[in-house]
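Have the sequence and the 3D view at hand as you read.

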Amino acid sequence: MSRLDSMLRRLTAQRDGLNWAAEQVRNLAGDVLDIGLGNGRTYDHLRETLPDRRVRVIDRVLQCHPSCVPPEADFLQGEARPVLDKLAQEGSPIILAHYDLGFGVKEKDVAEAAALSPAIAAVMAPAGIIVSGQPLVGFDELDGPQGIPSGRYLFYQVR
């Protein structure tokens, strides 16, 4: 499979997974969290899909497309662990999180996701859903929506 085809499959799986997760949490009270703003595509999709929810974003630097800049109060700048710890102390429950941090080196990305899993768990509301490009630990894995190949995107629910 070409890299272009692989990217298209990943983005389609991400969009379909986020739409599915948004439907799963419709009746839960809380905010949405995008862990890894990047170019802002996912943030933009989340705020459009869940317009009645506060969508907060974590990233080291703000370097997204100008149309995707979150409000200042919703951009949580810094390293993920301390920002997640601070967010947990605030007590605002997260009903839907999207995890998309990485270095581009699979082993490092998997290790970072595992290390950050407890901090992610600390901000999540009971029954909240996490959509992730990397395997997380300590959550119940869900099948997610039909049509997404196994392992392409991962779906978790908080116990």
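Q: Which residue in strand 3 is the bridge partner of I58?
A: This is a predicted model, in which strand 2 (residues 55-59) and strand 3 pair in the parallel sense over three bridges. In strand 3, the residue that partners I58 is L76.

Q: In what order do the seven strands of the open sheet lie?
A: The edge strands, each pairing on one side only, are strand 3 (75-77) and strand 6. From one strand to the next, the twist averages 20°. The pairing is mixed, and the order is 3-2-1-4-5-7-6.

Q: At about what angle to strand 5 does helix 1 run?
A: Helix 1 lies across strand 4 (94-99), strand 5, strand 6 and strand 7. Its direction relative to strand 5 is about 170°.

Q: How many residues apart in sequence are the parts that W20 and F155 tie together?
A: W20 and F155 form an edge-to-face aromatic pair, 5.4 Å centre to centre with 75° between the planes. W20 lies in helix 1 (residues 3-24) and F155 in strand 7 (residues 154-157), so the parts tied together are separated in sequence by 135 residues.

Q: Is F155 buried or exposed?
A: Buried means under 20% relative accessible area. F155 has 1% relative accessibility, so it counts as buried.

Q: What kind of pair do the rings of F139 and Y156 form?
A: F139 is buried, as is Y156. Their ring centres are 6.1 Å apart and their planes are at 50°, so the pair is tilted.

Definitions and conventions: Residues numbered from 1 in each chain as written. Predicted model: local features only at pLDDT ≥ 70, side-chain atom pairs only at ≥ 80, totals over all residues. Heavy atoms only, no water. Phe/Tyr/Trp six-rings, centres within 6.5 Å; stacked < 30°, edge-to-face > 60°. Helix = DSSP H or I, 4+ residues; strand = E, 2+ residues; numbered from the N terminus. Buried < 20%, exposed > 50% of the residue type's maximum accessible area, 1.4 Å probe, protein only. Pairing = 2+ DSSP bridges. Axes fitted to C-alpha atoms, helices over the stretch in contact; angles between N-to-C directions. Contact = heavy atoms within 4.5 Å.
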